[in-house]
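Open the model in your viewer and keep the selection tool at hand. The stops below go from a pocket to a loop and then to the rings.

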Amino acid sequence: MAFDGITIAAIQKELADTITDGRISKIAQPEPDELLLTIKTPNGQHKLILSANPSLPLAYLTEENKVSPIMAPPFCMLLRKHIQNGRIISITQPDFERILIFEIEHLNELGDICRKLLIVELMGKYSNIIFTTPEKVIIDSIKRISAAVSSVREVLPGRNYFIPSAEGKISPVTASRDDFYERVLQKHEACHKALLSSYNGISPMIAHEICNLADLSDNMASELCDTEKDRFYQAFCSVLNRVRERKFTPFIYFENNIPKEYSCIPVSSYDSDTSVSYASVSSLIRDYYSQKEKYSRSRQKSADLRKIVSTILERDIKKYDIQCRQIKDTEKMDTYRIYGELLQTYGYSIETGSKSATVDNYYTNEPITIPLDETKAPLENAKRYFDKYGKCKRTKEALTELIVQVKEEITYLESIMTALDIAEKEEDLNQIREELMECGYIKRKGGKRNAPSKQRFTSKPFHYVSSDGFDIYVGKNNYQNDELTFKFATGNDWWFHAKGIPGSHVILKAGGTTDGREIPDSTFEEAGRLAAYYSKGRGQEKVEIDYTPKKNIKKTPGGKPGFVIYHTNYSMNIDCNIMGIKLVE
């Protein structure tokens, strides 16, 4: 989610508690729209990132350094001249806006104590970092905004700084009961929209949360009864009281182990079982955006492979549908044969020019009506039905084998798409690319189609440890699935896989560091969850998992990588939640 007023309030509290009275020892500008401040306090040194990136404005404490340009940009040089070695007096959030104001005390060239304001606006595409005098006269900004760019406000040296009008919105922190009834409950729009249009700093997620707490959904604010109005206001107060009292509890909410949302207060619409709590807002922001970035970066890097595979997959699915329709048409094959045989037998008694003929079917001893072409003689109609029978028979024989081949290819390509979803690193994608080359889906540059690759792969399977200390390994792609099942696993290890859908081979080691202990049910369940999560069934409420000792698994003769057969197995239906299962890096 974008930064809202509650997130900014939580950041303001954390920064105020951590770096107030700290001295700014270093100022860097690693990106055109980003500052990195190093601040020394009695409790240690802290690094503060302030980013006015239009797509990802951020403010958080970090421990990482960033590479800065050799020549510092002019705005960075200006800040170094004025506030390097300056002391942070206060950090405030005006009117619950998405703004942080740093008041900094420093010495000028004459040694006199002066104060300046560093104003960080975290407002999406309007984000900026503005340096002003205490009277809010702009000295400069990281982005200069002229009248040609914005007719609302110029951000240029010498201009007065002001916060743009919020279209009649006010801070919800200072809202009274009368104000709430007048501003929100008079509007003829959905309750969550009435909140968004009335107050600063409330995000859609928080607006929906307030409505959920009040047990209101799409109700119109102006049409609520007195009981509903009171419930709505109490829910509003319960959320805002946490902000007033600075009771922030940062959470990241996950969906399929991918960060879905975050909040600095509990959100009842998300499952607490899929959430992770954080001690600080900064650590939450670092983890949330780094994980989101890792996921999006992986999707970007695999885009070319996804396009190739999805194009072939779409073509095969269309081909499969056509073949299924064609083979369905051959279901009348035996009927055509019987029609032909009966017409040969009874043709002498059927008049030429008839549109149909009813005869005894000696296969069932029941009468049967045969449609006829009135322009043809009965024996010619018999020949016509035998020709149809022959065509259907040839079609069925050809399609039966083709359909199996196309279905296998669809299953294989779906396994590649699943592997692309699992891939996290460049090495994972390289191994998938090599597999596609060997199978002929991608041309190998400067070599023959099936020429062996000299490339060495560093991609390794996932290694998890169950809550009872058993090692569990998960293949990231078909090559690793084969490697795990037929080279790494031993006969007494357990093999897991999602039933009937593409997914990873999961190997539960029976020995190792567990001293021969019997594997508990909880570990079997955790291995099953991993098999469900790393499959095409990810996201479903339950996935059916087959599991069996590895000795029961056989390689499909002539099959593609990752394809196996087995005839003896156990089954379980289980969810895809793998939170709490330890991943060994």
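A pocket here is an open set of grid points with protein on both sides within 12 Å along at least five of seven lines, and its volume is the space filled by probe spheres set on the points. The model on screen is predicted.

Start with the second largest pocket, which holds about 840 Å³ of space. To centre the view, select Arg-98, Met-123, Tyr-126, Pro-164 and Ser-165, the closest to the pocket centre of the 32 residues that line it. Colour the lining by residue class: 15 residues are nonpolar, eight are polar and nine are charged.

Next, select Thr-133. This residue sits in the loop that runs between strand S8 (128-132) and strand S9 (138-141). Is Thr-133 buried or exposed? Its relative accessibility is 18%, so Thr-133 counts as buried, the cut-off being under 20%. Leaving aside residues up to four places away in sequence, show its contacts: Lys-116, Leu-117 and Ile-139.

Now turn to the rings. The structure has 29 aromatic pairs. One of them joins Trp-494 and Tyr-570, a tilted pair with 6.0 Å centre to centre and 45° between the planes. Trp-494 belongs to strand S17 (residues 494-498) and Tyr-570 to strand S22 (residues 570-574), so the pair ties together parts 76 residues apart in sequence. Trp-494 counts as buried, at 17% relative accessibility.

For a cluster linked by ring pairs, select Phe-180, Tyr-181, Tyr-199, Phe-232, Tyr-233 and Phe-236.

Finish with two charges over ring faces. Arg-384 lies over Tyr-385, 4.9 Å from the ring centre, and Lys-560 lies over Tyr-412, at 5.1 Å from the ring centre.

How values were computed:
Residues numbered from 1 in each chain as written. Predicted model: local features only at pLDDT ≥ 70, side-chain atom pairs only at ≥ 80, totals over all residues. Heavy atoms only, no water. Helix = DSSP H or I, 4+ residues; strand = E, 2+ residues; numbered from the N terminus. Buried < 20%, exposed > 50% of the residue type's maximum accessible area, 1.4 Å probe, protein only. Contact = heavy atoms within 4.5 Å. 1 Å grid on protein atoms, 1.4 Å probe; cavity = no way out; pocket = protein on both sides within 12 Å on 5 of 7 lines; lining within 4 Å. Nonpolar A, V, L, I, M, F, W, Y, C, P; charged D, E, K, R; others polar. Phe/Tyr/Trp six-rings, centres within 6.5 Å; stacked < 30°, edge-to-face > 60°. Lys NZ or Arg CZ within 6 Å of the ring centre and 35° of its normal.
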